[in-house]
Amino acid sequence: MLEDEDSDRIEKICPVCKKEASKRCSRCAMVYYCCVEHQQQDWKVHKTTCQPFKIFSNEQYGRFLVATRDIKAGEIVLKESPLVHGPAQITGPVCVGCLQGLEEKKYLDCERCGWPVCKRSCQDSPSHQAECKFTIARGSKISIQHFYVPHPTYQCLMPVRCLLLAESDPARWETLLKLESHEEERRGSEQWRNDREGVAKLIPRFFKCENKWDEDEILRVVGIIQVNGHEVPMTEPSSVAIYNMASMLEHSCRPNLAKSFTNRGEVVMWAPNPIRRGDRLSICYTDVLWTTGNRLEHLQQTKMFRCECERCSDRTEYETYFSAVRCSGFQKDSKCKGYLLPVDNAQWTGEWQCLRCSKEVSGATVCQILERARMDLEAMEKHREDHCNRYMKHYSKWLTANHQYMVDVKISLSQVIGGKNPEAIKKIPYEKLMNKIKICQDLIALFEKICPAEARAFGATRFELHAALAELGRRSTEANNPAAAAVQLEDSLYNANECIRMLLHEPSMLMESKICAQARINANTLKALLGIKE
């Protein structure tokens, strides 16, 4: 499609006839044509670069992407195949073909090189061929004897796949080398020392290729993997893939893009909410549902930079107090209803101060409580409603209602209450049903403030809210209250549709895709009940 050019923009040149053109490609808004016929004629050439963004660069951020037009909610911004895909650095043995985890004594060896595979056809996977030949050249087959995590040999496999691109696919290799490695920033760190011993020194010794690559070359590739690798949840355990264009998306702890994958391993970046022309496109390099302190620490250790995004710069995180603790929990006999946050936003292990009474508490004291809360959270049985309620009651003395750990438990509760099977929700008491609805509504309100593009969390919570409202509508119908039932069922349908919208791009093998499919079935049932025609 063509769009008329704005009057304040300079005239462009049609790439077909080289004449002045005032109509632009509606997808990328970067190329101009004089007519539809010339756009169609040029499509074979233009489609390879037709994207709704442009690459920019500066010294502070390196390369980044900026929207060249308004992007609609739900629109796919980027779909891209990986430059290289392989096992995570910390993993037990996985099939070198499909990257699925293997069980001891339940696998096959590649007949040529010995690397483990789950079935015979996996040894012929294109991704395995280069390393297969490379392993054969060492003079003896690989023999995996132990199935513990991490397996030392597997630490080397992804770096080897990258390094071998120089011979098997030089163009892809050159593209890979343009990605950031932060090799100087990483040098000397604990992770760098571990990589030097466990990867850079092991590869030449294990594969008997002492003169093929030097330490710095291997460590540079390891840095590229760690800085640019995307966790791909299509296998168990998750694998890692590196993408070219997706690596240029800048980080934000409140990003405007959601990330998903296709069944073929392509990454899909899409916009859950509208994005304005000129906005920078972003994803989150860490977990948006971690506290600021945890996010900052993880980004510094793995990506070698300190985040200064809008969310991290606001200690209150849009007045949600997601990372705060209660002042009263740290002061004996105190009735202060204020919240404690670090005095220095750059030092989350330093002094904390109450925003209301200004009382200070040492970072060590706060960290001690938070560490105990974290350990208890990991140890508890989240599928048990009583355990969740007990945790929330106990830690409500110290943690805010929106604190990361409390939110983690609320997410579990939203799924556990009436969630054992489709009939279970019909049997729970009214008070529990209303509690489920409130928990879901509170979570959605929180997500909208701190992570409006977190599609999976939104989708799963919308589904639970939809189910609870549908049950509430059913009970209102039985109570002969059709007016209330209609409102509740309409609200349920809205949440079912929002669930579908948020989980639409999830691959079929993930649970979120199954939730999306069930939401579609339920939405059709609700439309029939409400008399809504397609």
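# Reading a predicted model, value by value

Q: Which residues does N244 touch, not counting residues up to four places away in sequence?
A: In this predicted model, N244 touches E80, L83, T175 and L179. Each has heavy atoms within 4.5 Å of N244, which is what contact means here.

Q: Where does N244 lie?
A: N244 sits in a loop. The loop runs between β13 (239-242) and β14 (250-251).

Q: Why is N244 counted as buried?
A: The relative accessibility of N244 is 19%. Buried means under 20%. N244 therefore counts as buried.

Q: Why is C118 called partly exposed?
A: C118 has a relative accessible area of 31%. Buried is under 20% and exposed is over 50%. The value for C118 falls in between, so C118 is partly exposed.

Q: How do you know that C118 is in no disulfide?
A: A disulfide needs two cysteine sulfur atoms within 2.5 Å. For C118, the nearest cysteine sulfur belongs to C98 and is 3.5 Å away.

Q: What about C156: buried or exposed?
A: C156 has a relative accessible area of 2%, so this residue is buried. C156 is in no disulfide either: the nearest cysteine sulfur, on C209, is 9.8 Å away.

Q: How many disulfides does the rule give?
A: The count is zero.

Q: Which residues of helix α2 (residues 126-136) are buried?
A: They are H128, E131, C132, F134 and T135.

Q: Why are the buried residues of α2 said to line one face of the helix?
A: Look down the axis of α2. The buried residues fall within an arc of 165°, so they line one face. They pack against α3 (157-163). The face turned away from this buried side carries the exposed residues P126 and K133.

Q: Which residues touch the most other members of the largest nonpolar core?
A: L289, V325, F330, L340, Y391 and L399 do, in a core of 63 residues. Helix α15 (residues 430-450) gives the most to this core, with nine residues. Another core, of 47 residues, lies apart from it, with V84, W115, L157 and L163 among its members.

Q: What is Y391 in contact with, leaving aside neighbours within four places in sequence?
A: The contacts of Y391 are A373, D376, L377, M380, L399, Y405, M406 and V409.

Q: What makes β15 (residues 258-261) and β16 (residues 267-270) a pair?
A: Pairing takes at least two bridges. β15 and β16 have four, in the antiparallel sense. K259 stands opposite M269 in β16. The two strands form a hairpin with five residues between them. In the turn, G265 has a positive phi of about 90°.

Q: Why are β18 (325-326) and β21 (360-361) said to stand at the edges?
A: The open sheet has four strands in the order β18-β19-β20-β21, with antiparallel pairing. β18 and β21 each have a single partner strand, so one side of each is left without a neighbour in the sheet.

Q: How do you know that β20 (residues 352-354) pairs with β21?
A: Two bridges join β20 to β21. The cut-off is at least two, so the strands count as paired. They run antiparallel. Q353 stands opposite E360 in β21.

Q: What separates the centres of domain 1 and domain 3?
A: The distance is 44 Å, taken over C-alpha atoms. Domain 1 covers 1-50, domain 2 covers 84-242 and domain 3 covers 417-530.

Key
Residues numbered from 1 in each chain as written. Predicted model: local features only at pLDDT ≥ 70, side-chain atom pairs only at ≥ 80, totals over all residues. Heavy atoms only, no water. Core = buried A, V, L, I, M, F, W, Y, C linked by side-chain atoms within 4.5 Å. Buried < 20%, exposed > 50% of the residue type's maximum accessible area, 1.4 Å probe, protein only. Arc of directions from axis to C-beta. Domains from an automatic or database assignment.
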